[in-house]
Amino acid sequence: YRPSGVRAGGLFGREKGPLGGGKRPALQCGEKYGRIEATRSRTSCPIPNLDRKRERDMQIAPSILAADFTCLGEEIRKVAGADYIHLDIMDGHFVPNISYGPELVASLRPLTKIPFDVHLMLEHPRFYIPAFHKAGADLITFHVECKDSIQETLDAIQSRGIKAGLVLKPGTPVEALWPWIDRIDLVLIMT
């Protein structure tokens with residue numbers, strides 16, 4: 001099984017290479033979305049209802065990490081047609097990088113009505129759910145490889161009326177999702 005996927009160029013104003021190297025084309029002034037390439041699987045999918053969901057239009061979620069941090073308000077306005085704004089939260093433990101926290105998310109919330117997709121790359125994401133809820137997250141994804149209970153973390157997210165998703169690192173088998181597949185709104189597979 002190979003899931004359908006989307007790869008997009010740097011959707012904000014500067015080049016941003018993917019993890020693992022290689023540069024992707026930067027958004028040129030006046031372009032709306034940059035270069036986009038989509039792939040589809042020709043086999044049926046083991047995830048219930050996913051084959052039906054594949055027929056919907058592609059959704060675009062530019063990442064704040066690709067933005068110019070000296071003018072985030074302007075960068076947010078550049079992607080006004082996006083479906084989501086993707087915010088990568090890294091703690092320096094689960095992954096070696098450190099990004100930003102709920103304070104930055106809260107400062108961006110008044111600038112747009114675009115839903116915020118908050119991706120928690122944290123060892124203990126459950127602890128931070130209240131802060132990101134308060135900051136304005138509309139969707140929170142976290143890794144099945146984290147140290148917290150998946151069930152309790154999903155409960156903490158969904159009890160606040162936020163959509164929840166699970167993320168897989170490249171080496172984690174997709175079967176790790178099965179116990180929670182009926183409870184989640186999104187699956188993010190890292191490459």
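Helices (H or I, at least four residues) and strands (E, at least two) are DSSP runs here, numbered from the N terminus. You're looking at a predicted model, where local features need pLDDT of at least 70 and side-chain atom pairs count only at pLDDT 80 or more, while totals for chains, interfaces and linings use all residues. Residue numbers start from 1 along each chain as its sequence is written, and side-chain values use heavy atoms, with hydrogens and water left out.

Select Thr112 to begin, in the loop between α3 and β4. Thr112 counts as buried because its relative accessibility is 14%; buried means under 20% relative accessible area, exposed over 50%, partly exposed in between (1.4 Å probe, protein chains only). Its side chain reaches the backbone nitrogen of Ile114 at 3.0 Å.

Next, pick the largest nonpolar core: buried Ala, Val, Leu, Ile, Met, Phe, Trp, Tyr and Cys residues joined through side-chain atoms within 4.5 Å. Of its 44 residues, Leu87, Ile89, Val118, Leu120 and Ile140 touch the most other members. Elements giving two or more residues to this core include β3 (85–90), β4 (116–121) and β5 (139–143).

Zoom in on Leu120. Setting aside residues up to four places away in sequence, Leu120 touches Ile89, Pro125, Ile129, Phe132, Ile140, Thr141, Phe142 and His143; contact means heavy atoms within 4.5 Å.

Last stop: Thr153, in helix α5. Is Thr153 buried or exposed? Thr153 counts as buried, because its relative accessibility is 0%. Show its contacts beyond four places in sequence, and you get Pro125, Arg126, Ile129, Phe142 and Asp148.

Technical notes:
A polar contact is a pair of N or O atoms within 3.5 Å; within protein, one must be able to donate a hydrogen and the other to accept it, and residues adjacent in sequence count only if both atoms are side-chain atoms.
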